[in-house]
Amino acid sequence: MTVRNTNVPDFIEHRRSVRSFRREPVDRGLLDTLIEAACLAPAPHHSRPWRFVVIDTDRVKLALARGMGARWQADLEQDGVEPERVRELVDASHAKITSAPALVLACLNGLDRYPDETRQRAEWGMALLSLGAAVENFMLSAADAGLASCWVAAPIFCPEAARDALGLETEWLPHALVLVGHPDPAYVARERPRVRLDELRRNL
Ligand SMILES: Cc1cc2nc3c(=O)[nH]c(=O)nc-3n(C[C@H](O)[C@H](O)[C@H](O)COP(=O)(O)O)c2cc1C
């Protein structure tokens, strides 16, 4: 098959993580289109071990931010972090999540079961890798549609807290949260380190 778009590397380079949005909502139909693109990502034997939760109401954003925030606060306190710093971190995360016009939460679901731990871990790893590919498809498609997005790690540290906050099925394990919205034109993307092939690639 011939792929005609010769400008893909440039396009990939221009996608940036954006953490500030205009207030206007994101059309749900457009979000569905982006999720369909996510679902075209490579997956182990077409398994698509993913589920996507679309959130655009203040009530549900708050529930998710509070559920994950409480877990993070407990972890930070357990680590012995200064109370003032704990509040600062948890509040910043709360604001980031609740101020995005839409959230798309990518979950793992439907992994094959193996009797031994080695293969179970490999199955888990495959599912997570494919979830990452799906999220990248989602974010590139969002950029193509003129939307801004940012991947937020929080749920991978507390999948059960995120799941319970949203009342999801036990089998749906949240792993990647993507903030989505129309970009704030004043936002300046953080500096991106140069790709150093000499460190990252080895020719044999
Ligand atoms: C798995 C993963 C987790 C991330 N978690 C966060 C996060 O919690 N908060 C945040 O602001 N950005 C987060 N990011 C975005 C990265 O900071 C960002 O992709 C990186 O700095 C490169 O910038 P760019 O996407 O603009 O190229 C995450 C990215 C990935 C892939």
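View 1. A polar side-chain atom of R16 lies 2.8 Å from an oxygen atom of the ligand. The side chain of K96 places an N or O atom 2.7 Å from a ligand oxygen atom, and a backbone N or O atom of A153 is 3.0 Å from an oxygen atom of the ligand. Of the 630 Å² of accessible area that the ligand has on its own, the protein covers 60%. Polar contacts are pairs of N or O atoms within 3.5 Å; within protein, one atom must be able to donate a hydrogen and the other to accept it, and residues adjacent in sequence count only if both atoms are side-chain atoms. Accessible areas come from the Shrake-Rupley method with a 1.4 Å probe, and for residues only the protein chains shown count as cover. The model is predicted, with pLDDT of at least 70 needed for local features and 80 or more for side-chain atom pairs, while totals for chains, interfaces and linings use all residues. Residues are numbered from 1 along each chain as its sequence is written, and side-chain values use heavy atoms, with hydrogens and water left out.

**View 2. The shell around the ligand.** The ligand is surrounded by R15, R16, S17, R19, K96, C150, W151, V152, A153 and R192, where a residue is near a molecule if one of its heavy atoms lies within 4 Å of it. By class, this shell has four nonpolar, one polar and five charged residues. Nonpolar denotes Ala, Val, Leu, Ile, Met, Phe, Trp, Tyr, Cys and Pro, charged denotes Asp, Glu, Lys and Arg, and polar denotes the others, Gly among them. Strand β3 (residues 148-152) gives the largest share of the shell, three residues. Strands (E, at least two residues) and helices (H or I, at least four) are DSSP runs numbered from the N terminus.

**View 3. Strand β4 and its partners.** Strand β4 (residues 173-181) runs antiparallel to β3, to which five bridges join it. In this pairing, S149 stands opposite V180, and A148 has G181 as its bridge partner. Seven bridges join β4 to strand β2 (residues 102-108), also in an antiparallel arrangement, with L108 opposite L173. Two strands pair if DSSP finds at least two bridges between them. Nine of the nine residues of β4 are buried; four of the five residues of β3 are buried, so β3 is largely enclosed by the rest of the structure. Buried means under 20% relative accessible area, exposed over 50%, and partly exposed in between (1.4 Å probe, protein chains only).

View 4. E171 is in the loop between α7 (159-166) and β4 and counts as exposed because its relative accessibility is 54%. Leaving aside neighbours within four places in sequence, E171 is in contact (heavy atoms within 4.5 Å) with L108 and N109. H182, in the loop between β4 and α8 (197-200), is buried, with a relative accessible area of 18%. A polar atom of the H182 side chain lies 3.5 Å from the backbone oxygen of P25. Not counting residues up to four places away in sequence, H182 touches F21, R22, E24, P25, V26 and L147.

**View 5. Helix α7 and its cover.** The buried residues of α7 are P159, A161, A162, R163 and L166. Their cover includes β1 (50-55), α3 (58-78), β2, α6 (154-157) and β4. G167, with a positive phi near 65°, follows α7.
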